[in-house]
Amino acid sequence: MLRANLKHLRSGVQRRFASAASSLASQQALLSKYPIGLNLHGFVIENVQPIPEFSLVAVLLKHQQSGSEHLHLDSPSDINNVFSIAFKTNPPDATGVPHILEHTTLCGSYKYPVRDPFFKMTNRSLSNFMNAMTGHDFTFYPFATTNAKDFQNLMDVYLSSVFEPLLTYEDFIQEGWRLENKDIKDSKSDLEFKGVVYNEMKGQNSNSSYYFYIKYLESIYPSLNNSGGDPAKILNLEYEDLLDFHTKNYHPSNSKTFTYGSLPLINHLQSLNKYFSIFGARIKNLDVKQPLFKDITEKKTNIDVEGPLDSASGKSLEEQYKSSITWNLGDPLDSSRQYELFKWKILSSLLFDGHNAPLYQDLIENEFGDDFSANSGLDTTTALFSFTVGVNNLTVEKVEALESKIVSILKEKALPEFENPTSSYGNRVNAILHQLELNFKKHKPDFGLGLLNSIVPSWVNGLDPVQSLRIEPIIEQFKADYASNGLKVFADLLTDTILNPDTQRVQFTMKPIERFNEKLAEEEEATLKTRVEKLSDEDKEIIHKRSLNLSAKQAEEQDTEVLPTLTLSDIPTQGTYYPVVYNNDISGGKTSLQKRVVDTNGLVYAAATKDISYLPTKYYKYISLFTSCLTNLAGTSATPIHELETKIQEKTGGISFNTRIVNDPFDISKASLQFSLSGMALRSNTTNIYDLWKEILTETKFDGSDELVVSKLSTLIKNMGQNQYDNIADRGHSYAAGSSSSRLLPSKYISDIISGLSQVQFVLELNSNLEKQGKEYLIKEVLPVLKEIQDLLNDNNASKYKYRLVGDEESINENEVLIEKFDDSISTLNHNKSHTEELQNLLVSFNSNKLGLNSSAKTLIDLPFQVSYSSLAKSGASYASKDGAALQVLSQLYTFKHLHSIIREANGAYGGGLTYDGLSGLLNFYSYRDPNPLKSVKAFEDSFPYGLSANWTEKDLQEAKLRIFQSVDAPTNISSQGSTEFYDGITNEMRQERRENFLNITGQDLNDVVDKYLVGNDVNSITVIGDNANLQVSDDWEVQKLKL
């Protein structure tokens, strides 16, 4: 998997729940376990540091024989244990050899000579995370599990995979690239390029934001090369190059290993030493590649490249330039600069984030451009510490004026604020620090993985990982600095760098080109033609035989008995459930409160939800826009948006408003629509949650006569319209599934309107109308609808909120009073509107087929992507039924025993299989980044009867059930404990019954559901997203284009 890195703000690491075990005495006890100099299985302890802000002890060790470093984070209260091994892997070129090696190492090892043991371990394990990722100059292999036996099993498979992989030629051509006949049974059929990574990167390049970012990175950091691989260059990679790269880089001397959690360190070290001890030592050459700035003397460098046109934006070619200015701030690997980097993180947030940020105000809201570019913000890539401001949808004139525009904003708007001791920016700094404090207190079940992700990129390049974890001393240093110097600390940063004309900088510009993707496809065809023309008949016969041999190997039954496994006995019959209590006397018995009493480290989580099935269905498409407006428009009648935003961050851990489609757990033809509120705060600040809920719900301004409201709405709609195609390119299989299922189930029909392709179409239409009619369109057509929705949601005669609290007992007692007060205050709100059962009428119309939907339609969404996405959906059974549990098991067996080898290994798609949505009761066959989606659809249809003759063994059923329980028993956030009953009406008793259904499913149960829901159900709803210029679908397909 390619590790993407596009956002300008990297999310901070959040601290897990600090239990009593994190006391000072406990930390001292932990420290005593790890004396400096102690040798454990060939590893010597070199550094031990308490990290009190994260309630853990960091132990840094070095393997004496190989020199490999190991970091162990001892966290006694966290049972979600993490392992990773990382290698420094500078890509020698853009052939994607680090990425392809990441894939092929996981295709079998000498100890585990099974095709794709990594994939097969996913259903022999209870891990809640397993992956492998390729970064710019590193590759790492992490997993997480709560089971000690599972941890040892996975660790051994991972270490065997990286240190003794088979790396067969067949693995190379399957995962990397190959020439193959389109019909492998016909040696005379046309040849085409195939390969899992090849198609993955074609899919990545279909995302214009990714393409902009990777071309920017290639330009500003040419020595790094493209680790994921440029599809055109991947075709130049030879098998021998792969072997050489593994020999050079996958050695203990070039590795960093990591463990986290409550399991004993000594066992981890014993396992590592078993593999490390067979290798000799190598002279370590860190070889940190340097950015462009090291090779140039010019103060400013201009780099121009060509890129794709966004046909969905509604902008002309001349208005679709993307450009950015990047300032060189130095080397982030310099340990003495970590405090400076922290200050820059706060400064970057002040300049970019929110309605009071000067760069956002003047570049986006004032319509210099439509959105920040993918590379905008503060970045630390290897040895480059940089600050970038980039904007999308510019003219050539604006590109030329970009730097002076940015400098002007910083000089005329930012600097005066930083030099004003009473500036509101002071409150914003306090808000940022408050969020950091809350992050230390939040519980996250993936906390260990978060720490790993935060340290690996710098650790492989020589930065001390223990120092990287010490966040609290830096925060304390900043607080002291800020107390003495105030906002001037940021003024000094700006004047010394961005506003200093001697600071090196690069302007990177992407020029839009019509038919850019088509030209890439034409170049691929030309390359293919050139290569094919050089082939003799004998060469073509060799290729054909090679393809047949690969296909035969892919179809071979694998002996997975060599792989370690858990068994059903490792799954407890009784699930872990969290007790909740109810108060049904809120507001005199008019509503209820669910209470989850648990130690939350001083935090309180509050939520409310109400049924809004009375909302007119014509407003469903506006719901996403409405909820965004609540915290992104002009604010309320009492508080401007920039003050409201700061108040939310300064007083709470966040306030959110959402809609949820709730499926009936007993009947898939029924659904309801909920409007929900949530908030989190320190116990001392919880009053702010309810005050903000009420103010935002009742006083948000939707007044068309207010110019600021209209202007903010215009900006919001334009931002929503940005990168719609990129979103589809990233999650095309999800959009295709949403489209297919919208013709089968009413809940999915509504979901498509609110968040699927229908919503994409609506957002494009909003932007098109705004472009054609101007802001008058918003005043006359949009704002009245949003105001009507506000009035309807605040009509508490139509429906009442119910409430939920998570916190310690004292906090809940205090907040129970606050909730009652909130409920009393909004209960008086009503608008005397008549309400009808709008949703019920929709359900009746849908279920009686009165909406004119063709449930068996074959639909192509025609988009100019280099690869495609496919879906075939079928209706299943309800959550509470035994059939629903059987279908969940069936989906695992179809994926792992049948479809994976056809869709991924043979067809060359990046992913594919069968999923089952247990809540909605929806079966979905899918493929992802697929060069042959029509073949995949045919494979889906042909697979229906497969289960009747599969003769699955008890071992097969066990593996499928293990896979299911990875998610069923995965650690959860404290804030989510007990929430399924509150939101979905699914009680602990229903969850336990479903658990027992999973454990008790038999082969006969599976045959029954295959016969009933696959073979016996002739309704197949099919959607493919792809380029019809390449696919050329037949006349029985309906071809749709997203319309502007």
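This is a predicted model: local features need pLDDT of at least 70, side-chain atom pairs count only at pLDDT 80 or more; totals for chains, interfaces and linings use all residues.
Setting aside the neighbours within four places in sequence, Phe163 touches Ile85, Phe87, His246, Tyr250, His251, Pro252, Tyr275, Phe276 and Phe279. Phe163 also belongs to the largest nonpolar core, which has 84 residues. Within that core, Phe83, Tyr141, Phe163 and Trp177 are the members that touch the most others. Apart from this core there is another one, made of 77 residues and including Leu350, Leu378, Val399 and Leu449. As background, nonpolar side chains in soluble globular proteins tend to be buried together.

Next, have a look at Asn485, which sits in helix H17, spanning residues 472-485. Is Asn485 buried or partly exposed? Its relative accessibility is 41%, so Asn485 counts as partly exposed, since that class lies between the 20% and 50% cut-offs. In sequence, Asn485 and Pro421 are 64 residues apart, while in space their C-alpha atoms are 9.5 Å apart.

Finally, move along to two helices that pack against each other: H32 (residues 882-906) and H33 (residues 933-943). Their axes are 10 Å apart and meet at an angle of about 150 degrees. That angle makes H32 roughly antiparallel to H33, because anything over 145 degrees falls in that class. The crossing of H32 past H33 is right-handed. On the H32 side, the contact is made by Tyr894, His898, Leu899, Ile902 and Ile903; H33 brings Ser936, Ala939, Phe940 and Ser943. Which classes of residue make up the contact of H32 with H33? Six are nonpolar and three are polar, with no charged residues.

Methods
Residues are numbered from 1 along each chain as its sequence is written. Side-chain values use heavy atoms; hydrogens and water are left out. A nonpolar core is a set of buried Ala, Val, Leu, Ile, Met, Phe, Trp, Tyr and Cys residues joined through side-chain atoms within 4.5 Å. Buried means under 20% relative accessible area, exposed over 50%, partly exposed in between (1.4 Å probe, protein chains only). Contact means heavy atoms within 4.5 Å. Axes are lines fitted to C-alpha atoms, for helices over the stretch in contact, and angles run from 0 to 180 degrees between N-to-C directions. Helices (H or I, at least four residues) and strands (E, at least two) are DSSP runs, numbered from the N terminus. Angles under 35 degrees count as roughly parallel, over 145 as roughly antiparallel, 65 to 115 as roughly perpendicular and the rest as oblique. A crossing is left-handed if the near helix is turned anticlockwise from the far one by less than a right angle, and right-handed if clockwise. Ala, Val, Leu, Ile, Met, Phe, Trp, Tyr, Cys and Pro count as nonpolar, Asp, Glu, Lys and Arg as charged, and the others, Gly among them, as polar.
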